[in-house]
Structures are given as C-alpha cells and as structure tokens.
Amino acid sequence: MKILVCIKQVPDMESKFKIGTEGIWYNEADLAWRMNEYDEYAVEQAVQLKEQVGGDTDLVVLSIGPERVKETMKKALAMGCERGVHVHDDAYYKKDPFEIASIIAEYAKDQGFDLIFTGMQSQDRGSAQVGILVGELLGLPAVSTIVDFTFADGAISVKRELEGGLKALVKLQAPALVTCQLGLNTPRYPTLPNIMKAKKKELTSVPVGDLLKVEEMVKVEKMFVPEKRSGGLVLEGDVKDLADKLVQILKEKTTVLK
Amino acid sequence: MKALLVGEYREGKLLASSYELVAFAKKLGAEMALFVVGNESQLPKIDGKVYLADAAQAGEYNPDLHKQLLLDVIAKEQPDTVVFSHSSYGWDLAPRVAAALKVGQVSEVVDVVDGAFIVPSCNSKLRRSIKPKTARCVVTLQAGAFSFSGEPAGTPTLEKVATAGTARTEFGGYEVAEKGGVDLTKAQIIVSAGRGVGKKENVEIIAKLAAAFGGELGASRPVVDSGWVDHSRQVGTTGQTVSPKLYVACGISGAIQHLAGMKKSDFLVAINKDKDAPIGEVADVLVVADVLQFAPALIERLKG
C-alpha cells in the first residue's frame with residue numbers, strides 16, 4: 001500500500017505578527033515554527049493506517065517550503081512516516097492554492113498512492129482549497145473535514161463534520177483523498193527513540209521548478225493588520241487589582257452581579 | 001456583473017446563510033441567480049432565477065453530482081462570480097467547481113474593497129487583499145460577514161435541473177451529537193475554558209470560576225477535542241450557539257468558529273495573556289493576564 005500525507009509548517013498563531021517588506025506576507029523573523037495543527041491529525045491517521053495494514057506500506061510525507069520546513073518533516077518522520085519529500089521553495093508564500101495543489105499533484109501523479117491525507121486547511125491562510133484541489137487534479141474522490149476514518153480492504157468510511165454538532169456519514173473506495181479536521185484522532189508525541197530513528201530516514205529535496213507547471217489563478221495584493229475595533233476596555237496590571245476593577249465594571253455594566 | 005449563488009439545504013430545510021449570499025450580491029450590485037440542491041417546499045425567497053435540483057435524487061452531500069449540476073447551470077447562466085458560504089458544504093464544493101472551470105478561488109471573504117476580496121489570515125490577526133487573475137472566479141463567504149437585513153421576500157422563477165451522472169461517494173445519512181445534560185442556550189452566565197488554560201487539570205479552576213459566578217462552564221473546540229471538557233459544553237459553530245448576559249472567555253484566542261457561537265452575548269469579558277488575541281476585538285473588557293493566576297483572584301473577590 002502507498003500513502004501520502006501532505007503537511008505545512010506554520011508559525012505559532014500566538015505570535016505577534018508584523019507585515020514583511022514585500023507587503024504581501026508576514027515578516028518571518030523571530031517566529032516559532034511548528035506543524036500545521038490540522039496536519040498533525042493527517043499524519044497520525046496516515047501512521048495509524050500504515051500500522052493497520054502492515055506489510056511493506058510506503059508512507060511518504062511531503063512538504064513545500066524553505067529549508068526550515070525539514071524540521072517539521074522530521075517530526076512527521078518521528079511520528080511514523082517512512083520517508084520525506086521536501087519540495088524546496090523559498091518563494092512558497094507567493095504561490096496560490098492552485099499552484100500548491102498542482103505541485104503536489106505533479107509529484108503524486110503516476111505514483112499510485114492508495115490514500116492521500118491532508119489537513120482540512122492551514123492555520124495561516126485557511127483557504128481549505130489545497131486538499132480538495134489535489135483530489136480534483138489527480139481525479140481522485142475526496143472528502144473534506146473528516147472527524148472519523150475507518151479502512152477495510154479498500155473501503156473507506158468517514159464522518160464529515162458539519163455545523164451544529166452534526167456529522168455526515170460518507171463511504172468511498174480507495175484510491176481517495178481525505179482532508180482532516182481537528183479531533184479526528186489523538187496525534188502521538190514522537191518518542192525519543194523514534195526521534196533518533198527519524199534522523200536516519202530518507203528525506204529528499206526536490207527543487208520546486210521540477211514540479212511547478214502552472215501559473216497562479218489569484219494574486220495577493222497586500223497583507224495588512226486589521227484596524228482594531230475600538231470600544232473594548234483593556235485592563236492590565238496586578239491580578240488582584242484587575243479582579244477588583246473587573247468586578248466593579250460588571251456591577252456597573254451588567255445585571256448579573258449584585 | 002452576474003453572480004450565481006449556491007444556496008444550502010440541511011435535512012430538508014433551506015439554511016438562513018443562503019440569504020447572506022444574497023446580501024453579498026446586493027453589495028456588489030450584481031445581477032443574481034441561485035442554485036440549490038433542496039426541495040420545492042422551501043424555496044429561497046428572492047426575485048430572480050432559482051435553479052433547483054431535487055435533494056431526494058442528488059442527495060444533500062454528493063460532491064460529484066452537485067458539481068455536475070452546478071457546472072451545467074454555470075454553462076447556462078455564464079456568471080462572473082460563483083458564490084458559496086464558507087461552510088462545510090461550501091469549502092468542500094467550491095474548489096471542485098473552481099478546478100473544473102479552471103478559475104481562481106478566494107476563500108472566506110469578509111469584505112470587498114475596490115474590487116479586491118478581503119480575507120482573514122493567521123487566526124484573524126491579519127488580512128489579505130486578493131484579486132482573481134481569471135475573468136471568472138469562485139468565492140466563499142465567511143459566515144456572518146455579509147448580513148442580510150430584514151425579512152427575505154421575493155418570488156423566484158423556478159427552473160428544475162437534474163443530472164444522470166454517477167457519484168464516487170455514498171452519503172449514509174447524518175449522525176447527531178449525543179445531547180449531554182447541559183443546555184448552555186438557557187444559561188445567563190457562561191465561563192468558557194480555551195486552549196490557554198494549558199492542561200486538563202486546569203479546567204477545574206475555570207469550573208470553580210463559573211460556579212463563583214453562578215454560571216455554567218463552557219469550552220472552546222480545542223479543549224473539547226482534547227477531551228478536557230465534554231462536547232455538550234462546546235460553544236461555537238460545531239457546538240452550541242449561546243447568548244448569555246455575561247460570557248467570560250478564559251484563554252480563548254477568538255477563532256471565528258468560536259466567536260460565531262457567542263458573539264450575541266450581552267457582555268463579553270476575555271481573559272488572555274496575549275493582548276493581540278482576536279478575542280480582544282469583540283470583548284467589552286479584555287483582561288490581559290494569565291488566566292490561571294487571575295481566576296483564583298477573581299474567585300476570591302467574587303466570594304468576598
């Protein structure tokens with residue numbers, strides 16, 4: 001069996017973001033990088049599937065970006081992926097979802113992947129397009145936003161998360177692509193022995209030029225910090241004083257405290 | 001300028017979010033037609049063309065068939081923009097349509113300024129302004145970003161559409177989340193725990209704070225996903241939508257999915273050590289503090 005899982009490295013969302021000099025992306029200096037949260041669930045599900053089917057399952061993790069994304073790929077390898085394919089692209093942030101999906105599809109075509117896992121969206125851009133687009137470009141059936149996954153002899157059963165606590169039950173046949181929602185499973189923490197083992201796993205780099213055959217469909221004109229909505233009161237200081245102030249405000253502004 | 005709106009039915013009912021698409025088309029000053037897979041008993045109340053495919057045949061979730069139906073309508077209508085809600089239905093179907101049309105898609109649009117679509121980035125801390133390079137484009141709209149005011153009114157011109165295509169996925173019905181004992185929609189005060197509480201053991205102090213207020217404990221999605229709090233207490237798009245007199249968000253950054261579930265609260269207090277957290281944008285009061293230190297102090301004060 002052949003499995004592909006696509007991951008992205010993103011900054012910690014609690015970072016203080018500044019706009020970069022080109023004006024179309026955030027300044028990447030001083031940011032802490034990690035695996036896109038949705039992709040952790042994708043990696044975990046891919047590893048669980050590999051463990052379930054056993055044999056000589058090939059589980060490839062793919063990521064697009066500069067040299068630093070290899071660090072995040074090593075985590076995926078430590079979680080249980082067999083080998084990594086790093087699509088080296090220093091200008092990754094200029095690619096639109098269609099270009100990113102085309103790069104992945106160009107890599108994956110003719111390789112006979114039975115299953116492709118992606119996150120349902122990235123935390124920084126959140127377009128939720130790339131996974132589905134990869135499915136379309138490869139002609140694979142795809143289901144997005146899954147919170148449950150089972151596999152038996154090529155038959156896939158998933159639950160899609162809808163709004164308001166509702167889930168849709170969907171069945172399909174491999175080869176297929178699924179995009180993973182938070183809560184799908186419990187992503188494992190890589191153990192120290194597995195982190196050591198991961199260092200010896202194959203991690204090849206491919207220049208993005210080898211895989212990019214299309215042009216962007218949308219153009220980012222600028223990135224900016226939204227104007228702060230005024231009116232909200234910001235309280236800072238010692239916690240005891242803060243508690244006094246807050247209780248005072250609640251007594252004045254609401255009817256819930258006597 | 002012509003917009004084709006893609007409405008949504010769920011369990012036989014037209015979703016109110018379909019009218020947000022109408023509000024968007026009006027804002028653009030676009031001529032509009034609407035496509036929807038649903039049933040005739042609940043037609044969208046708009047003055048314009050409505051293309052209706054029967055959900056009994058095409059299913060409420062069937063991307064292959066819905067895509068084909070929509071492409072047929074697009075071929076007929078020749079819209080400049082195809083508009084979806086950024087919902088579980090829209091974000092699933094929109095890229096399939098964009099790929100088939102070979103046109104650009106812009107996701108989760110919150111505004112339109114000088115012909116450019118504005119979308120959030122990095123948990124709404126940033127925005128991007130995006131323009132399609134293709135003549136035609138596909139967009140999905142953030143829930144609530146384009147609100148429809150007033151009562152929907154209008155008489156659609158109905159055209160039924162169908163397709164004989166085959167589907168590669170099989171929809172097996174819906175599963176409803178099991179209802180716990182907690183109905184947060186009736187609570188006057190809700191104190192919710194977010195990822196910022198750090199670990200499961202720390203939820204207890206938030207529960208104590210909720211008790212000190214005489215309110216209910218709520219939670220954001222990551223806390224529920226981690227198994228720290230039961231799903232029946234989840235507030236947000238995929239949980240409950242609440243409107244208490246007081247909502248206290250503890251260590252909740254303010255993802256749009258959470259805000260959608262609690263923004264109608266009368267008074268919103270956010271406790272967060274990140275002064276730039278998006279929750280600060282909507283909070284009446286933002287207390288910049290570590291909630292694990294602040295909560296005990298506040299409990300003490302409420303008791304005294």
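The questions and answers below concern a predicted model and ask how its descriptions follow from the computed values.

Q: Why is Ala56(B) called exposed?
A: A residue counts as exposed if 12 or fewer other C-beta atoms lie within 10 Å of its own, and Ala56(B) has 11 such neighbours, so it counts as exposed. Ala56(B) is found in helix α2 of chain B, residues 55-58, and its C-alpha atom is separated by 41 Å from that of Ala193(B), which is 137 residues apart from it along the chain.

Q: What makes α3(A) largely enclosed by the rest of the structure?
A: A residue is buried if 20 or more other C-beta atoms lie within 10 Å of its own, and 11 of the 12 residues of α3(A) are buried, so the helix is largely enclosed. Among the buried residues are Pro97(A), Phe98(A), Ile100(A), Ile104(A) and Tyr107(A). The buried residues of α3(A) pack against β1, β4, β5, β6 and α4 of chain A, together with β7 of chain B.

Q: How do you know that the span of α3(A) is close to the expected one?
A: Helix α3(A), residues 97-108, has 12 residues and reaches 16 Å from its first C-alpha to its last, which is close to the 16 Å expected at 1.5 Å a residue. The helix is followed by Asp110(A), whose phi is positive, near 65°.

Q: What makes the 124 residues a nonpolar core, and which of them have the most contacts inside it?
A: The term is used for buried residues of types such as Ala, Val, Leu and Ile that are joined through C-beta atoms within 7 Å, and the largest set of this kind has 124 residues, with Val5(A) and Val83(B) having the most contacts inside it. The largest share of this core, eight residues, comes from α3(A). Leaving aside neighbours within four places in sequence, Val5(A) is in contact with Ala42(A), Val43(A), Ala46(A), Val61(A), Cys81(A) and Phe117(A). A second, separate core of 49 residues includes Ala219(B), Cys250(B), Ala255(B) and Ile256(B).

Q: How do you know that chain A touches chain B, and how many residues are in contact?
A: Contact requires C-beta atoms within 7 Å, and by that criterion 67 residues of chain A are in contact with 69 residues of chain B. On the side of chain A that touches chain B, α6(A) gives the most, with nine residues, and the residues of that side divide into 34 nonpolar, 12 polar and 21 charged.

Q: What makes β12(A) and β10(B) a pair of strands?
A: Two strands pair if there are at least two bridges between them, and β12(A) and β10(B), residues 126-132, are joined in the antiparallel sense over six bridges. Within this pairing, Val220(A) has Ile130(B) as its bridge partner.

Q: Why are β7 and β12 of chain B said to stand at the edges?
A: Seven strands of chain B form an open sheet with parallel pairing, in the order β7-β11-β6-β1-β4-β5-β12. Each of β7 and β12 has a single partner strand, so one side of each is left without a neighbour in the sheet. The twist averages 20° from one strand to the next.

Q: How do you know that β7(B) and β11(B) pair?
A: At least two bridges are needed for a pair, and β7(B) is joined to β11(B), residues 137-141, in the parallel sense over four bridges. Here Val109(B) stands opposite Leu141(B).

Notes. Residues are numbered from 1 along each chain as its sequence is written. Chains are lettered from A and ligands numbered from 1 in the order in which they are written. This is a predicted model: local features need pLDDT of at least 70, side-chain atom pairs count only at pLDDT 80 or more; totals for chains, interfaces and linings use all residues. Helices (H or I, at least four residues) and strands (E, at least two) are DSSP runs, numbered from the N terminus. The expected span of a helix is 1.5 Å times one less than its number of residues. Two residues are in contact if their C-beta atoms, placed from the backbone, lie within 7 Å. Ala, Val, Leu, Ile, Met, Phe, Trp, Tyr, Cys and Pro count as nonpolar, Asp, Glu, Lys and Arg as charged, and the others, Gly among them, as polar. Axes are lines fitted to C-alpha atoms, for helices over the stretch in contact, and angles run from 0 to 180 degrees between N-to-C directions.
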